[in-house]
Amino acid sequence: MFSKEESRLLRQEFWTSFGKSFPRKWILYNTKLKGLSFKFHFDNSSALVALDIEDDLENRIKYWEKLIALKSILQDEYLPDSIFEEEYFLNNEKEISRIYVYLDQKVSIHNKNTWRIVMEFFNQKMSVFEAFFEEYKEIIES
């Protein structure tokens, strides 16, 4: 069991190590589309990369419909294991729409032995996700 401070320091060390191991500028919040952002998530039991739609309902629906129209392209050519959830609830009970790919292995941010696996997963999957986004951004924003 880790104290809050120990856990915070481990998280900080992971993200610093990830940045040094894979030094590149990720899109993340800089999609230029309001309410649309890419996220890395790593906790005590899972790791995933996601495209979140967190805007007002009208914009969420607009973006979601565009992404659903592109679903077969995303799954056939980029991320066959992507999961689409129109209604996804965050830990704070906020409802968003999310497309994500999760690492199907037992990992934990508190276990340094799993960090390399997660870093490589993040780098590979987010790079592909961003390539899809860049290719189809005009369709998504239209």
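The crossing of helix 3 and helix 4 is right-handed, a crossing being right-handed if the near helix is turned clockwise from the far one by less than a right angle, and left-handed if anticlockwise. This is a predicted model, in which local features need pLDDT of at least 70, side-chain atom pairs count only at pLDDT 80 or more, and totals for chains, interfaces and linings use all residues. Residues are numbered from 1 along each chain as its sequence is written, and side-chain values use heavy atoms, with hydrogens and water left out.

**Helix 3 and helix 4**

- The axes of helix 3 (residues 71–78) and helix 4 cross at roughly 135° and come within 11 Å; axes are lines fitted to C-alpha atoms, for helices over the stretch in contact, with angles from 0 to 180 degrees between N-to-C directions.
- That angle makes helix 3 oblique to helix 4, where under 35 degrees counts as roughly parallel, over 145 as roughly antiparallel, 65 to 115 as roughly perpendicular and the rest as oblique.
- From helix 3, Ile73, Leu74, Glu77 and Tyr78 meet Val128, Phe129, Ala131, Phe132, Glu135 and Tyr136 of helix 4, contact meaning heavy atoms within 4.5 Å.
- By class, this contact of helix 3 with helix 4 has 8 nonpolar, no polar and 2 charged residues (Ala, Val, Leu, Ile, Met, Phe, Trp, Tyr, Cys and Pro count as nonpolar, Asp, Glu, Lys and Arg as charged, and the others, Gly among them, as polar).

**Helix 2 and helix 4**

- Helix 2 (residues 57–69) and helix 4 (residues 115–141) have axes that come within 10 Å and cross at roughly 125°.
- Helix 2 and helix 4 are therefore oblique to each other, and their crossing is right-handed.
- Lys62, Tyr63, Lys66 and Leu67 in helix 2 meet Phe132, Ile139, Ile140 and Glu141 in helix 4.
- The contact of helix 2 with helix 4 comprises, by class, 5 nonpolar, no polar and 3 charged residues.

**The chain as a whole**

- The chain has 4 helices and 4 strands, which are DSSP runs numbered from the N terminus (helices H or I, at least four residues; strands E, at least two).
- From the N terminus on, the order of the elements is α-β-β-α-α-β-β-α.
- Along the principal axes, the C-alpha atoms fill a box of roughly 45 × 30 × 25 Å.
- Of the 142 residues, 42% count as buried (under 20% relative accessible area, with a 1.4 Å probe and protein chains only).

Definitions and conventions
Buried means under 20% relative accessible area, exposed over 50%, partly exposed in between (1.4 Å probe, protein chains only).
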